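Biologist: Could you take me through the aromatic contacts here, setting each value against its definition?

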Amino acid sequence: MRAKFIFKVIENQSEGHSLPVYYRTIFMSFLKSALSLYDKDYFNRIYWWGEKKNKWQKPFVFSVNLPNMNFQDDTVFFRGDIMLNISTSDYEFFVNMYNSLLNNRLYPCHLTENCKIELKRMYLVREPEQFRSTMMFKTFAPILIEKKEGNKKVPVLPYDEGFEDIFNEVVDFGIRNIRLLRGQNKGLQKRLTFRPINIQKIVVKHRISEFVETTGKDIMFLTGFSGLFELSGDPEDLKELYQNGIGFRRGQGFGFVEVVR
């Protein structure tokens with residue numbers, strides 16, 4: 001299930017707007033606020049375990065498109081409407097998130113002190129009718145694949161030695177966690193083969209509260225990749241990756257992919 005939401009920035013009459021460079025974090029907070037306002041009980045079930053944060057993998061992925069982006073220091077400038085893509089395999093999540101973003105009580109919504117948005121229009125996105133054993137994908141948001149080296153997490157890119165083994169481990173862990181939410185203890189049904197076609201290394205400035213609290217630093221740097229690639233594997237697994245995204249931090253605006261038809 002997949003939907004696209006278009007937001008108009010209403011802070012002023014100018015076509016030029018700006019957001020902090022960690023705009024994905026801002027939209028992550030926006031989605032959580034929308035869900036909490038619409039259905040507090042469901043929000044708590046997804047994001048909390050009693051008094052503790054629920055860090056279980058979330059059954060969705062999102063991406064944000066800011067047209068005509070231009071980065072200057074820790075600010076991103078853009079012109080035009082904001083496009084938000086949301087995708088999931090979880091029907092309950094989709095219905096709750098979809099309705100929460102249509103909730104009139106949410107708007108106008110202040111993303112930041114100087115950036116206020118309202119919903120302009122939305123529409124459902126038609127998914128591919130059939131998933132094959134080999135399909136081509138392009139990224140709508142960078143994919144983050146990491147491995148552990150001691151206490152550190154180190155990014156791994158498609159041209160690095162051993163990438164495919166680590167890629168399979170990360171994807172298997174993510175798919176198994178999402179399927180467990182549906183009562184299925186099942187990871188990848190077949191090893192994936194990754195073939196890069198046109199891939200670029202991407203370094204992203206990001207911000208999450210745990211990092212700020214732990215390090216005292218405001219911004220973290222994440223290394224991933226974006227572009228065009230081919231995946232071969234079980235069609236059911238490829239559909240799961242299409243619907244819920246690939247890699248780490250999918251619920252923070254990373255790993256959103258689209259099928260290249």
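Modeller: A charge sits over a ring if NZ of Lys or CZ of Arg is within 6 Å of the ring centre and within 35 degrees of the ring normal. In this predicted model, Arg2 lies over the face of Tyr242, at 3.8 Å from the ring centre, and Arg207 lies over the face of Tyr22, at 5.5 Å from the ring centre.

Biologist: How many aromatic pairs does the ring rule give, and why is the pair of Phe7 and Phe30 called edge-to-face?

Modeller: The count comes to 19 aromatic pairs. For Phe7 and Phe30 the centres are 5.6 Å apart with 85 degrees between the planes; because centres within 6.5 Å make a pair and planes over 60 degrees apart count as edge-to-face, the name applies.

Biologist: What makes this pair a tie between separate parts of the sequence?

Modeller: Phe7 belongs to strand β1 (residues 2–9) and Phe30 to helix α1 (residues 23–38), so the pair ties together parts that are 23 residues apart in sequence.

Biologist: How do you know whether Phe7 is buried or exposed?

Modeller: Buried means under 20% relative accessible area, so Phe7, at 0%, is buried, and Phe30, at 3%, also counts as buried.

Methods. Residues numbered from 1 in each chain as written. Predicted model: local features only at pLDDT ≥ 70, side-chain atom pairs only at ≥ 80, totals over all residues. Heavy atoms only, no water. Phe/Tyr/Trp six-rings, centres within 6.5 Å; stacked < 30°, edge-to-face > 60°. Helix = DSSP H or I, 4+ residues; strand = E, 2+ residues; numbered from the N terminus. Buried < 20%, exposed > 50% of the residue type's maximum accessible area, 1.4 Å probe, protein only.
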